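I opened this model to look at its ligand site and one of its helices. My entries are below the display.

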Amino acid sequence: MRNLFAKDSKKNDEENLNLDRLPKHIAMIMDGNGRWAKKRGLPRTAGHKAGVEALREVIRTCSELGIGYLTLYAFSTENWKRPVDEVSALMKLLVYYLRKEVKELHKNNVKIRTIGDISKLPQNSLKEINSAVDLTKNNTGLVVNIALNYGGRNEILNGVKGICQKVKNNEINIEQIDEDYFEEFLDTKGVPDPDLVIRPSGELRISNFLLWQIAYSEFWFSNIFWPDFNRESLIEAIMDYQKRDRRFGGIK
Ligand code: IPE
Ligand code: IPE
Ligand code: MG
């Protein structure tokens, strides 16, 4: 069993982490910012700002542990229903975060990608995202997929439309369509399915996240609000994951 930490480390939990059995792909529903703020008598946007700090720590930890992929649910296709002020604050925060962090992420060999229809985002957000994706495109470390204007149903529908077009153009036969072929039409093309899906905030639902890809994912729910989620929370989730018996429909 590989172990990163010295024997005298105070991080007892981390000492027990099996580095040979880490999830390859962690998907994270970053939820609970609003309630975190409300509890403190602050505006919801203060919760989103605090959430950025949690994000920084989670990316750093995943990168240090050698996790392959981290997919972050940042803005859903349904989040447009929120008041314009909140939507605009979230978009501004994204620009602020990328501007501030991209150099450091690049230095740490992190590759930034997005899933979802980013064409609907404001111009300056789009510009910042594209430049971060471009700058980090040749990096070989942690892949961070940011889900922006992402919805699992929307992604599946787009895949179906793409395949219909291929059939219409006589480029493929219907019989040739199998799961591997379908996955080529998803935003997550080339990314292994998430091994572990984490949702803080106390909600026990998936909220239209990665519907196709989570067929055999392990779930970890917690009452912690996203801004309070830290390195220890992540280690705890991974250690729970390591106790799971994944059978994929088979028997042991
Ligand atoms: C998650 O926190 C951030 C986004 C959905 C963009 P919320 O804003 O959903 O916080 P709660 O769930 O209202 O507490
Ligand atoms: C899911 O959280 C979306 C993101 C974290 C980006 P929501 O707060 O939008 O989900 P619901 O509305 O509680 O299901
Ligand atoms: Mg929420």
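The entries cover conventions, then the ligand, then the helix.

This is a predicted model, in which local features need pLDDT of at least 70, side-chain atom pairs count only at pLDDT 80 or more, and totals for chains, interfaces and linings use all residues. Residues are numbered from 1 along each chain as its sequence is written, chains are lettered from A and ligands numbered from 1 in the order in which they are written, and side-chain values use heavy atoms, without hydrogens and water.

Ligand shell. I looked up what surrounds ligand 1 and found 13 residues (a residue is near if one of its heavy atoms lies within 4 Å). The closest are Asp 31, Gly 34, Arg 35, Arg 44 and Arg 82. By class, I noted 3 nonpolar, 5 polar and 5 charged residues in the shell; Gly is counted as polar.

Contacts. I checked polar contacts (N or O pairs within 3.5 Å). Oxygen atoms of ligand 1 lie 2.8 Å from a polar side-chain atom of Asp 31, 2.9 Å from a polar backbone atom of Gly 34 and 2.8 Å from a polar side-chain atom of Arg 35. The protein covers 87% of the 380 Å² of accessible area that ligand 1 has on its own (Shrake-Rupley method, 1.4 Å probe).

Helices (DSSP runs of H or I, at least four residues). H2 (33-39), H3 and H4 (84-107) each supply at least two shell residues, and H2 gives the largest share, 3 residues.

Helix H3. I compared the length of H3 (residues 44-65) with expectation: its 22 residues should span 32 Å at 1.5 Å a residue, and its end C-alpha atoms are 32 Å apart, so the two agree (expected span is 1.5 Å times one less than the number of residues). Gly 66 follows H3, with a positive phi near 90°.

Terms used: A polar contact is a pair of N or O atoms within 3.5 Å; within protein, one must be able to donate a hydrogen and the other to accept it, and residues adjacent in sequence count only if both atoms are side-chain atoms.
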